Amino acid sequence: MKTAIETFNNWAHKNKDKGMEKNHSYSVNKMLELIPPKMLSDDFSFIDIGCGNGWVVKKMRDYINCTKSVGIDGAEKMIEKAIKRDKQSHYYQLDIEKMDYKDQFDIVFSMEVFYYFKDPIYVLNYIYKNILKKGGCMLFGIDHYLENKDSLSWGKDLELGLQTLSIDMWESNLLNTGFKNIQSYKFGAKENWSGTLVFYCEKID
Ligand SMILES: C[S@@+](CC[C@H](N)C(=O)[O-])C[C@H]1O[C@@H](n2cnc3c(N)ncnc32)[C@H](O)[C@@H]1O
């Protein structure tokens, strides 16, 4: 079985990252609207977990109060593309499930990545302990989840082992990790498509 990193490295070679940028932009824009305005009106730092070609990192870097924007992705070609188009941010090629990266951020963001992890609970714990600042928020969006029936064939289609969790399972994992003020949303729902499942949560203590 292929790994997600190999698959997306190949996608980047075929310029399919551009399609993801286009297809994800509606939900991503809605996600970014969830960031408390207070946070954006002060200096803030931002990290994108599984940043692909870096389009969201670059978008956030353009905010006047963004002091640091970082993207992490395992696919070499994605990181190469990100660095090429955005010299002001920082990009690192890392396998998120094996990383020992420990810099801390006010805003942790991720779009369409968490169900590719073999152990998403480990990653949630790692982010909570090492990456998210106290007082900061995390937002992540996923299109593949148990209630979104149209997405359930993706593991087979992509020949990848995906983590198919229900909305309640994601929520209880966030709670068990220690996140507070957990809110969930669905963006872009239409007939036969339940929409992007988005979680907003905070680290209070
Ligand atoms: C569906 S793409 C989404 C990319 C980007 N967030 C976007 O919306 O355009 C998933 C990304 O997660 C990355 N990824 C998956 N598993 C990873 C892992 N274990 N470590 C690092 N990156 C990973 C892939 O390389 C890929 O770029």
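Modeller: Helices (H or I, at least four residues) and strands (E, at least two) are DSSP runs, numbered from the N terminus. The chain has 8 helices and 7 strands by that rule. This is a predicted model, in which local features need pLDDT of at least 70 and side-chain atom pairs count only at pLDDT 80 or more, while totals for chains, interfaces and linings use all residues. Residues are numbered from 1 along each chain as its sequence is written.

The sheet is built on pairing, and two strands pair if DSSP finds at least two bridges between them. An open sheet is formed by 7 strands, in the order S3-S2-S1-S4-S5-S7-S6, with mixed pairing. Strand S3 (90-93) and strand S6 (180-187) each have a single partner strand and stand at the edges, so one side of each is left without a neighbour in the sheet. On average, neighbouring strands of this sheet are turned by 15° against each other, direction ignored. For such angles, axes are lines fitted to C-alpha atoms, for helices over the stretch in contact, and angles run from 0 to 180 degrees between N-to-C directions.

Within the sheet, strand S1 (residues 44-49) pairs with strand S4 (residues 105-111) in the parallel sense, over 3 bridges. Phe46 stands opposite Ile107 in S4. On to the next pair: S4 and S5 run parallel and are joined by 6 bridges. Met111 has Gly141 in S5 as its bridge partner.

Burial is judged by counting neighbours: a residue is buried if 20 or more other C-beta atoms lie within 10 Å of its own, exposed if 12 or fewer, and partly exposed in between, with C-beta atoms placed from the backbone. Strand S5 (residues 132-142) is mostly covered, as 8 of its 11 residues are buried. Over the 205 residues of the chain, 39% count as buried.

Helix H5 (residues 76-85) lies across strand S2 (66-73) and S3, and runs at about 165° to S3. Among contacts in the chain between residues at least 6 apart in sequence, 61% join residues at least 24 apart.

Thr177 belongs to helix H8 (residues 167-177). Thr177 counts as partly exposed because it has 19 C-beta neighbours inside 10 Å. Beyond its neighbours within four places in sequence, Thr177 is in contact with Leu124, Asn125 and Tyr128. Asn15 is found in the loop between H1 and H2. Asn15 has 11 C-beta neighbours inside 10 Å and therefore counts as exposed. Although Asn15 and Lys77 are 62 residues apart in sequence, they are 9.8 Å apart in space, C-alpha to C-alpha.

The ligand is surrounded by 21 residues, and the closest are Phe8, Gly50, Gly52, Gly74 and Ala75. Helix H1 (4-13) and helix H2 (17-32) are the elements that give two or more residues to this shell.

Key: Two residues are in contact if their C-beta atoms, placed from the backbone, lie within 7 Å. A residue is near a molecule or strand if its C-beta atom, placed from the backbone, lies within 6 Å of it.
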